[in-house]
Amino acid sequence: MGSFEIQTASKIYPIFIGSEASEKLPGFLQEKFPRRKKLYLITDSHVSALHADSLAGLLNQSGYDTLVHVVPSGEAAKSLACYEECMTNGFRHHIGREGIILALGGGVIGDLAGFVAATYMRGIPFIQLPTTLLAHDSAVGGKVGINHSLGKNLIGAFYQPEAVVYDISYLQTLPVREWRSGFAELIKHAFLSSEAFYHELRNEVKSMEDLKNHPKLGEWIEQGIKVKASIVAEDERESGKRAFLNLGHTLAHAMEGAAGYGELTHGEAVAFGLFSDLYLSRKYTGLDIDLDSLYQWLINLGYLTVTNDVLDIDRLIPYMKLDKKNQDGKIATILLKNFGEPILSTFDEEEIRQDFAEFIGHYFAV
Ligand SMILES: NC(=O)c1ccc[n+]([C@@H]2O[C@H](COP(=O)([O-])OP(=O)(O)OC[C@H]3O[C@@H](n4cnc5c(N)ncnc54)[C@H](O)[C@@H]3O)[C@@H](O)[C@H]2O)c1
Ligand SMILES: O=C(O)C(=O)C[C@@H](O)[C@H](O)[C@H](O)COP(=O)(O)O
Ligand SMILES: [Zn+2]
């Protein structure tokens, strides 16, 4: 645990990671932006109650003037209404172009506050201060944005932070459901990198308690970040291989939309979508994987327990048809040829319907 660099075409920035990383923030600000003293800290109601005061206190003691804006916790905050409120509050309090936005929270806050930063007076600097396990993914790589009722993350930008300060002591207050949600993205990163990483997670994590208390947790988080960072380094704006980071997400995003934003956590949906993409991979690319034992592991961890109405293909298809990866009017999803060897595949609506019925019939028929 310490620091390393995230390299992208538009910006190279540090990630400070560890159990006291937030203490590095005042020093970083002073060095990078010696003349800027106005901070606009955007957070959510849960994180605010737990962690915002101590951070704002630390900053104010170091000579900063920190305006705190609290949005409701959960996915519903990635909305045009909350985006507008963040803007309005900043204008009312005269946060100008010399201000810096701090995104203190999980992926919802990182995406929302990052999008505010990207568009506030045409763009001001921001820093990601992730507080969830899931945010090992969302805080890195510069995808920022909000949802539209017709689809996830349909409004947004690529806008890199100035730094990521990941104080993993914040994770200790996470509820079990959020550990589970974040672990789904870590499992995704394992599939995108190597069979060894996947097997290590499988062998070592049999419950969320195992994960939370595991001596290698910090190492795994760093490994997940590095899997993501190496892809983003080659393709910041998703003209090609960055789409692989969407493994599991075509179905996941459709499920989140169909359920109503916030009903499922992002990671619950990703775990389902990941399992579905691996099912399709075995069928279409010949991926050599024991799906039944993966299914059992995921079930034991508390994944794959969604209600039938979320699995109604007629409700999912409209979201899939708006997936940003789609090509030539076909629905795109990510498959694996092997561990660490993803490919983008496209399907007609009819093929999706048939495969989905087969998949659900095999694993989820009541
Ligand atoms: N930009 C990207 O590259 C990217 C990557 C992955 C996911 N995402 C997005 O991230 C979002 C999901 O992020 P998330 O799972 O972090 O959700 P989240 O930000 O809603 O956080 C989950 C819940 O945990 C609470 N919480 C946060 N930190 C806490 C802490 N330390 N202690 C106690 N409670 C805490 C929050 O208040 C919330 O209720 C989705 O919108 C997803 O689309 C973006
Ligand atoms: O960073 C990426 O690229 C990803 O795909 C990471 C995903 O885990 C994340 O959920 C992302 O927000 C999805 O982006 P989208 O472009 O599919 O909306
Ligand atoms: Zn995701």
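Helix 4 gives the shell around ligand 1 its largest share, 4 residues. Keep in mind that this is a predicted model, where local features need pLDDT of at least 70, side-chain atom pairs count only at pLDDT 80 or more, and totals for chains, interfaces and linings use all residues. Residues are numbered from 1 along each chain as its sequence is written, while chains are lettered from A and ligands numbered from 1 in the order in which they are written.

**Ligand 1**

- There are 31 residues around ligand 1, and H46, S73, G106, G107 and S138 come nearest; a residue counts as near if its C-beta atom, placed from the backbone, lies within 6 Å of the molecule or strand.
- Helices (H or I, at least four residues) and strands (E, at least two) are DSSP runs, numbered from the N terminus.
- Sorted by class, this shell holds 8 nonpolar, 15 polar and 8 charged residues. Here Ala, Val, Leu, Ile, Met, Phe, Trp, Tyr, Cys and Pro are nonpolar, Asp, Glu, Lys and Arg are charged, and the others, Gly among them, are polar.
- Domain 1 (3-172) and domain 2 (176-363) each put at least three residues into the shell around ligand 1; the bounds come from an automatic or database domain assignment.

**Ligand 2**

- Around ligand 2 you'll find D137, G141, K143, K152, N153, E185, R242, L245, N246, H249 and K324.
- The class tally for this shell is 1 nonpolar, 4 polar and 6 charged residues.
- Ligand 2 lies between domain 1 (3-172) and domain 2 (176-363), because both give residues to its shell.

- An open sheet of 7 strands runs in the order 1-2-9-6-5-3-4, with mixed pairing; two strands pair if DSSP finds at least two bridges between them.
- Its edges are strand 1 (3-7) and strand 4 (65-71), each pairing on one side only.
- Strand 1 runs antiparallel to strand 2 (residues 12-18), joined by 5 bridges, and E5 has P14 in strand 2 as its bridge partner.
- Strand 7 (residues 143-148) and strand 8 (residues 151-158) pair antiparallel over 5 bridges. A hairpin of 2 residues links strand 7 to strand 8, and G145 sits opposite G156 in strand 8.

**Helix packing**

- The axes of helix 6 (residues 176-193) and helix 9 (residues 217-234) come within 9 Å and cross at roughly 60 degrees. Axes are lines fitted to C-alpha atoms, for helices over the stretch in contact, with angles from 0 to 180 degrees between N-to-C directions.
- Helix 6 and helix 9 are therefore oblique to each other (under 35 degrees is roughly parallel, over 145 roughly antiparallel, 65 to 115 roughly perpendicular and the rest oblique).
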